Amino acid sequence: MSDIKRIRNFSIIAHIDHGKSTIADRIIHKCGGLTDREMKQQVLDSMDIERERGITIKAQTVKLNYKGKDGQIYKLNIIDTPGHVDFGYEVSRSLSACEGSLLIVDSTQGVEAQTLANVYQALEINHEVIPVLNKIDLPASDLEKTKKEIEDVVGIETINAIPCSGKTGEGIDDILEAIINKLPAPKGISNDKLKCLLVDSWYDSYLGVVILIRVINGKLKKGMKIKLMSNNQEHLIERVGVFTPKATDISDLNSGEIGFIITGIKSLSETKVGDTICDANDPIDDPLPGFKPSKPVVFCGLFPVDSSEYQKLKDGLAKLKLNDASFSHEPESSSALGLGFRCGFLGLLHLEIITERLEREFDVSLITTTPGVIYKVHTTLNKILDLQNPTNMPDPSQIKKIEEPWIKSTIITPDEYLGSIIKICQDKRGVQTNLSYSGSRAVLSYDLPLNEVVFDFNDRLKSVSSGYASFDYEISGYREGDLVNLGILVNSEPVDALAMIIHKDFAQKTGRQVCEKLKDLIPRHNFMIPVQAAIGGKIVARESIKGFKKDVLTKIHGGGATDRKRKLLEKQKKGKARSKQFGKVEIPQEAFIGVLKINKES
């Protein structure tokens, strides 16, 4: 039996919080990857945020040796993938490096939306899938019901599904035996020309760029000269290694294996995920197909609360970019908030994670503007503009039409919450495409505009369904929408940070809410301040913040409406008009944060 026949490369896929990382811990412990003393919960979740929130953000890899019941030693390469919809790109590239998958389903919750999305990704690339029913130690566990759901909703046979418990370790031996008996070995030729897939890359402050690769054909050795086919750059391999899960140096990587190389590259932009690596002295003709790059879909402005922290924010974004190439940032200035950055994210959770890391790791206090998406603006001059920032919207007279991104969404929910969820989708301009049942759970398909979903949809979905509904989506394309640019004026001055692109039907209501909120949050000045919401030149909502009034008549005692009283009141009136003309309204930071929360409260 050749070495490649005893290699198994597999991904662990599931919905968020179904126990992927816990089962990975058990497998590592069982195979002796770490001693009892070195073991800790969520071994493969390296970031503090991952541990605190109980989610996986970065796909992690680990190589283990397992002695099967047949007495043979097998090499297992595990990739633990994220479960949240925002990190779907991590899942897609992890699956491309493997031949099979463990599908983990929580036996107390059943099939959820992200389970469905990840399984379909795996089946599309012809993965062998082993269903695993986790959390059987809990009283609410229902194996038969979960098996039926997997068969009805996912369409995979569950006769050989493995019941297990990541908490107690029950069933882990059965999983390991199923991996070596049911999952296929890699197909590769060790003595062929070198061909490798670049699965991931990240920046290490001591080593430079670390490249995670899957060797398809050939053999990779230390001291070898390799070529990156996307940019034709050549590099010398300084180190070859695997994660066990500790980084361990080895002499070479053979076909079918997953490991890392270090070549002294200093810039992450040189290593494109999905690239093909070959031998510089004996190159191949055809690169591997690779996989779709991740594109930011949600944009918002990030500004430091204290303008002196701008440089700190700039350095922090540059350092985070080294380890997360999926978000983009470019400088932006706002008259209200000063200097900051316009950033693009994969979704709202991704935005939340990046802002939390900036505040925690780089000690920067941040203000985020309203999240938005990319619109396609068709002008009368037959140009198409990609619009991220509402302040760059052309004049309405030059716009022929505006297109917005739409998504195909899948919502899985217990049927008692179906009515409330359909109402939320209708409120968000959704179009229902399908509704099916599996037992007492409904699988709902909706087309929705991304702009409506990106802000508070998930929060509202979880609150109306008591946390039981799950949601997954993919971008389906652009459609024309009746959209307008809603501008906010304070004392007749536009506040660019509060501008938003919104559907015409919701513009007046939202404008009124923003004005009411600002009226409460902007402090009174010596003069009256009008707060207005406008679409182009048309005012759609208005509130007034009354000015302080000094009683100039206190020193005059008695008497009626005398000339002296009238003169003093006239003088005060002129003074107020003058101060309103030249006075500057300071908008406090709480006002911007308060406006951001409006959608969540409505």
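A residue counts as buried under 20% relative accessible area, as exposed over 50%, and as partly exposed in between. That scale is used for the side chains below. The model is predicted.

Start with the eight-stranded sheet. Its strands run in the order β11-β10-β16-β7-β8-β15-β12-β13. The sheet is open, and its pairing is antiparallel. β11 (233-236) and β13 (247-249) stand at the edges. Each has a single partner strand, so one side of each is left without a neighbour in the sheet. On average, neighbouring strands here are turned by 40° against each other, direction ignored. Within this sheet, β8 (residues 208-217) pairs with β15 (residues 258-262) over five bridges, in the antiparallel sense.

Now move to the four-stranded sheet. This one is also open and antiparallel, in the order β18-β19-β17-β20. β18 (328-334) and β20 (366-368) are the edge strands, and each pairs on one side only. Neighbouring strands are turned by 30° against each other on average, direction ignored. β18 and β19 (residues 338-345) pair in the antiparallel sense over seven bridges. There, S328 has G344 in β19 as its bridge partner. Helix α8 (residues 348-361) packs on the sheet and touches β17 (298-304), β19 and β20. The helix direction makes about 20° with that of β17.

Next come the charged side chains. The count is 22 salt bridges. One of them joins R342 and E332, with the closest N and O atoms 4.0 Å apart. R342 lies in β19 and E332 in β18, so the pair ties together parts that are ten residues apart in sequence. R342 has 8% relative accessibility and therefore counts as buried. E332 is buried too, at 14%.

E356 and R360 bring their closest N and O atoms to 2.8 Å. They are four residues apart in α8, which means a separation of about one helical turn. E356, at 21% relative accessibility, counts as partly exposed. R360 is partly exposed as well, because its relative accessible area is 38%.

Further along, R429 forms a salt bridge with E452, the closest N and O atoms being 3.2 Å apart. R429 sits in the loop between α9 (418-427) and β24 (431-438), while E452 belongs to helix α10 (residues 450-464). The pair therefore ties together parts that are 23 residues apart in sequence. Both R429 and E452 are buried.

Finally, K63, K75 and E257 are linked in a network of salt bridges.

Key:
Residues are numbered from 1 along each chain as its sequence is written. This is a predicted model: local features need pLDDT of at least 70, side-chain atom pairs count only at pLDDT 80 or more; totals for chains, interfaces and linings use all residues. Side-chain values use heavy atoms; hydrogens and water are left out. Two strands pair if DSSP finds at least two bridges between them. Helices (H or I, at least four residues) and strands (E, at least two) are DSSP runs, numbered from the N terminus. Axes are lines fitted to C-alpha atoms, for helices over the stretch in contact, and angles run from 0 to 180 degrees between N-to-C directions. Contact means heavy atoms within 4.5 Å. Buried means under 20% relative accessible area, exposed over 50%, partly exposed in between (1.4 Å probe, protein chains only).
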